[in-house]
Amino acid sequence: MTSELQGLQALLADMRALRSDIVEAEVSQAAQIARVLPRHRQSARNLVHYVALRSRDMRDLQGRLSAQGLSSLGGIESNVLASIDAALRALVRLAGQSGEQGGPPDQPAGQHGEQGGPPGEYGTLDVLEGARLLANNAVLLLGDQPKIRPTRIMVTLPSEAATDPMMVRNMVASGMDIARINCAHDDAESWAAMVANIHAAEEALGATCLVSMDLAGPKLRTGPIEPGPAVLRVKPKRNQIGEVVYPASIWLGSPPDGVAASGATTVPLEAGGGNG
């Protein structure tokens, strides 16, 4: 067996292990996936697959896939399992193995036992369908893609947006597609004023600006922190071009009079605080 064939077979084994981990992640999240509306279950499964994929360090595997001229799995957000299966099929052929000798299974992960969901309820997203769903959901969440650029602009509104309608109008006029209101700040009255200013700007400019309300989560409060020892910052003296002209000096403990007079930074040491 040549070293090239050994490398292919090792890569194939690692890819199968990756697929197995991703399917196992779906099985472990089966109850949560089942709670999702049927029309979103394909996407929910794909999200579980994606999180499982990104929980691994993929750099070595991606480099080995690229060396074989295969997808490095770098842009498979919308169709994780289908992309892995496509790479597996190519590796099986490169390694000279047939599907009956351990190639990727044809059944979607959701059909592996009752925990994965009944057969046919929701299948694996293929590349084209995954890309279509991702594009459609992006429009539903973020609005239509602007004609003049490929990205949408989201701006977090400052508190002044509640009392300065012209500032909000200028933001919309400058291309703000989504106004984010951080609900960890201000209050409900201010948020309502911000939304009203956005709607007024839309009407005046004939534009569309969505509103994203970012809800604040729980906060951990530790209470006041007692002040500790002062922080000493010591640095050498440098000339105008950055060359050191006088080194920094630090004396640990109580310095002699001559050292103290030299301007050295002193760090006092308490007796009995050490081990030797």
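**A short tour of the predicted model**

Hi everyone, let's start with a helix: the buried residues of α5 pack against α1, α3, α4, which covers residues 59–67, and α6. Please keep in mind that this is a predicted model. Its mean pLDDT is 82, and 85% of the residues reach 70 or more.

Let's stay with α5 for a moment. This helix is built from 15 residues, and from its first C-alpha to its last it reaches 21 Å, close to the 21 Å expected at 1.5 Å a residue. Which residues of α5 are buried? They are Val-80, Leu-81, Ala-82, Ser-83, Ile-84, Asp-85, Ala-87, Leu-88, Leu-91 and Val-92.

Ser-83 sits in helix α5. Is Ser-83 buried or exposed? Its relative accessible area is 10%, and because buried means under 20%, Ser-83 counts as buried. Setting aside residues up to four places away in sequence, Ser-83 touches Leu-73, Ile-76 and Val-127. If you follow the chain just past the end of α5, you come to Gly-96, which takes a positive phi of about 75°.

Now for the loop that comes between α4 and α5, where you will find Ser-72. This serine has 27% relative accessibility, so Ser-72 counts as partly exposed. Have a look at Gln-62 as well: Ser-72 and Gln-62 are 10 residues apart along the chain, yet their C-alpha atoms are separated by 4.6 Å. Apart from its neighbours within four places in sequence, Ser-72 is in contact with Gln-62, Leu-65 and Ser-66.

Next comes α3, one of the packing partners of α5. The buried residues here include Arg-41, Arg-45 and His-49, along with Ala-44 and Val-48. What do the buried residues of α3 pack against? They pack against α1 (3–28), α2 (30–34) and α5 (80–94).

That brings us to the largest pocket. Its volume is about 310 Å³. Two elements give two or more residues to its lining, namely α3 (41–54) and α6 (127–142). The lining has 14 residues in total, and those nearest the pocket centre are Ser-43, Asn-46, Leu-47, Leu-134 and Asn-137. Asn-46 is also on the list of buried residues of α3. Which element provides the largest share of the lining? That is α6, with six residues. Sorted by class, the lining has eight nonpolar, five polar and one charged residues.

With 47% relative accessibility, Val-244 counts as partly exposed. Beyond its neighbours within four places in sequence, Val-244 is in contact with Pro-236, Lys-237 and Arg-238.

Finally, a word of caution about one stretch. Over residues 98–122, pLDDT stays under 50, and the model has 45 contacts there beyond four places in sequence. Where pLDDT is low, the predicted coordinates should not be read in detail.

Methods
Residues numbered from 1 in each chain as written. Predicted model: local features only at pLDDT ≥ 70, side-chain atom pairs only at ≥ 80, totals over all residues. Heavy atoms only, no water. Buried < 20%, exposed > 50% of the residue type's maximum accessible area, 1.4 Å probe, protein only. Contact = heavy atoms within 4.5 Å. 1 Å grid on protein atoms, 1.4 Å probe; cavity = no way out; pocket = protein on both sides within 12 Å on 5 of 7 lines; lining within 4 Å. Points joined across faces, edges and corners; volume = space filled by probe spheres on them. Helix = DSSP H or I, 4+ residues; strand = E, 2+ residues; numbered from the N terminus. Nonpolar A, V, L, I, M, F, W, Y, C, P; charged D, E, K, R; others polar. pLDDT = per-residue confidence, 0-100. Expected span 1.5 Å × (residues − 1).
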